[in-house]
Every structure is written in C-alpha cells, then in structure tokens.
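Here is a short report on a protein chain.

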Amino acid sequence: MQAYDGIYNRYIKRILDIVITGLALCIMWPFYLIISAAIALEDGFPVFYRAERGGYRGKTFRICKFRSMVKNADKIGGGTTAFHDPRITKVGNFLRKTKLDEIPQIGQVFLGKMSLIGPRPELLRYVNQYQGEEKDILQVRPGITDYSSVEFINLDEIVGTENADEMYEKYVLKKKNAFRVKYSHSVSFKTDIYILFKTLSAVAHKAFSFVVKHEHR
C-alpha cells in the first residue's frame with residue numbers, strides 16, 4: 001500500500017489543514033487588505049491571478065494568487081516566469097521574493113482544493129502528459145509547498161531570461177515531477193513537518209537576501 005492510501009493522507013491531513021488555515025485566515029485578513037490595496041494602487045484591478053491547474057484525483061481547479069504581473073501577462077509571454085521578467089510589477093517583485101503572492105491559497109486549503117503541504121499544482125498541459133508513477137501525484141491534494149518548492153525556490157534564475165518555457169520543460173519539469181512522486185509515495189506527518197521547516201528556512205533566507213540587496217542600492 002502506498003502512503004497516499006493511508007489514514008494520514010485520507011483523513012488526518014485534511015483535519016489539520018482545516019484547523020490551521022481556519023486560524024490563519026482569522027489572523028491574516030489585514031495582510032490581504034494591505035496587499036490588495038498595494039496591487040490596486042500600482043496596477044489596478046483585479047488583485048488576484050486565477051488559472052486552471054491539475055487537482056486532487058484529476059479534478060481541475062483555479063489556483064488563486066495575488067497578481068504579481070501586469071494584466072494579461074499570459075497573453076504577453078509564456079507560462080513560465082523568466083529571470084528579470086519585464087511583466088513583473090514592483091509590488092509583484094516584492095510579493096514573489098517573500099512568497100506573499102501565495103497566501104490566497106490558504107483559503108483554498110480551507111475549502112479543500114489544496115493542502116498546506118503537497119505537490120505544487122501544475123499547468124494542465126503538463127498534467128495531461130503524466131505517465132506511469134507520475135499519475136500518483138494526483139492521489140494527494142496539491143499543496144502550497146513541497147520538496148520542489150524548496151529545491152527550485154529561485155526557479156526564475158534557473159530558467160534564465162529567454163525561452164523560459166523551453167528551459168523549464170527541458171531542465172526542470174521532470175525533476176519537479178520526480179519530487180511530486182516522491183511526496184505522494186511518502187506523505188506523512190513527519191514528511192509534512194520536514195517540508196514545512198525547510199520551506200520556512202528557504203523563504204526567510206530569500207526574503208532576507210532581497211531586503212539586503214535593496215538596502216545597498
């Protein structure tokens with residue numbers, strides 16, 4: 001029996017998600033208002049970015065993030081964000097470096113579309129290409145963070161400034177899928193705690209580097 005068939009993934013994990021995100025939403029609502037206002041003042045509405053992703057047991061859902069790019073960015077460029085991507089707004093750059101653009105997904109965790117920890121949801125065109133063990137990725141709820149979130153926290157630097165989609169597909173996608181499969185085959189409370197602390201450490205380091213870099217400008 002694979003880990004995704006266990007009691008933790010099927011029941012306990014969902015209970016923990018509801019309790020934790022319910023409390024988080026009560027505490028963090030002022031940040032939602034502040035960030036929404038900052039986005040609207042710089043680049044107008046909408047303040048959220050919505051796009052379809054592959055979800056739990058193959059059901060698609062629309063992921064929600066704070067908008068960090070100009071309006072209609074998907075029509076201007078590809079789906080992968082390049083290094084120093086000109087589509088990113090000033091507020092959006094800060095949100096991305098601190099990962100605050102992801103916090104609307106806390107609400108999606110509460111509603112059951114996602115989990116706090118789980119495979120990062122992928123574009124449908126890549127999900128439709130899953131083969132063999134990769135299909136096991138869909139047996140756990142997609143998450144806000146996972147192994148690949150830590151490994152590829154500087155994804156934009158990895159894909160470079162040109163042909164970001166091509167670079168992603170060539171050098172990143174298979175590795176990310178391997179991390180996703182690894183998670184689905186090892187999902188447990190211990191695994192989730194490990195990924196949580198690795199993520200917090202990686203995000204703190206990235207945010208600190210961003211602040212130091214801008215203080216010295």
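Serine 115 lies in strand 3, which covers residues 115–117. The model is predicted. Serine 115 is buried, at 1% relative accessible area. A polar atom of the serine 115 side chain sits 3.3 Å from the backbone oxygen of isoleucine 117. Beyond its neighbours within four places in sequence, serine 115 is in contact with Lys13, Asp17, Val109, Arg141, Pro142, Gly143 and Ile144.

Isoleucine 117 is also placed in strand 3. Isoleucine 117 is buried too, with a relative accessible area of 5%. In space, the C-alpha atoms of isoleucine 117 and glycine 143 are 4.6 Å apart, while in sequence the two residues are 26 apart.

**Charge pairs**

How far apart are the closest N and O atoms of lysine 13 and aspartate 192? They are 2.7 Å apart, and the two residues form a salt bridge. Lysine 13 belongs to helix 1 and aspartate 192 to helix 9 (residues 189–215), so the pair ties together parts that are 179 residues apart in sequence. Lysine 13 has 3% relative accessibility and counts as buried. Aspartate 192 is buried as well, at 6%.

In the whole structure, a search finds nine salt bridges.

| Salt bridge | Closest N to O distance |
|---|---|
| Lysine 13 – aspartate 192 | 2.7 Å |
| Aspartate 85 – arginine 87 | 2.9 Å |

The aspartate 156 and lysine 97 pair links distant parts of the chain. Aspartate 156 is in helix 7 (residues 155–159), lysine 97 is in helix 3 (residues 90–98), and they are 59 residues apart. Both aspartate 156 and lysine 97 are buried. Salt bridges with shared partners also join Lys65, Glu102 and Arg120 into one network. Burial applies to aspartate 85 and arginine 87 as well.

**Nonpolar cores**

Which residues have the most contacts inside the largest nonpolar core? They are Ile35, Ile39, Phe66, Leu95, Ile103, Ile106 and Met114, in a core of 16 residues. Helix 1, strand 2 (60–66), helix 3 and helix 4 (105–111) each supply at least two residues of this core. Helix 1 gives the largest share, five residues.

Leucine 95 touches Ile35, Ile39 and Phe66, among others, not counting residues up to four places away in sequence. Arg67, Leu100 and Asp101 are also on the list for leucine 95. A second, separate core has nine residues, including Leu123, Val159, Ala164 and Tyr168.

**Helix 1 and its end**

Helix 1 spans residues 7–43, a run of 37 residues. Its end C-alpha atoms are only 45 Å apart. A straight helix would reach 54 Å at 1.5 Å a residue. Where does helix 1 bend? The bend is at methionine 28, by about 55 degrees. A proline, proline 30, follows within four residues.

Glycine 44 comes after helix 1, with a positive phi near 75 degrees. Next comes a cis peptide bond: it joins phenylalanine 45 and proline 46, with omega about 5 degrees. Proline 46 is placed in the loop between helix 1 and strand 1 (48–54).

**Positive phi outside glycine**

Arginine 57 has a positive phi, near 55 degrees, and is not a glycine. Arginine 57 lies in the loop between strand 1 and strand 2. Is arginine 57 buried or exposed? At 54% relative accessibility, arginine 57 counts as exposed.

Lysine 99 is another non-glycine residue with positive phi, near 65 degrees. The loop between helix 3 and helix 4 holds lysine 99. At 27% relative accessibility, lysine 99 counts as partly exposed.

Terms used:
Residues numbered from 1 in each chain as written. Predicted model: local features only at pLDDT ≥ 70, side-chain atom pairs only at ≥ 80, totals over all residues. Heavy atoms only, no water. Expected span 1.5 Å × (residues − 1). Bend = angle between axes of the 7 residues up to and from the residue. Salt bridge = Lys/Arg side-chain N within 4 Å of Asp/Glu carboxyl O. Buried < 20%, exposed > 50% of the residue type's maximum accessible area, 1.4 Å probe, protein only. Polar contact = N/O pair within 3.5 Å; in protein donor to acceptor, adjacent residues only side chain to side chain. Contact = heavy atoms within 4.5 Å. Core = buried A, V, L, I, M, F, W, Y, C linked by side-chain atoms within 4.5 Å.
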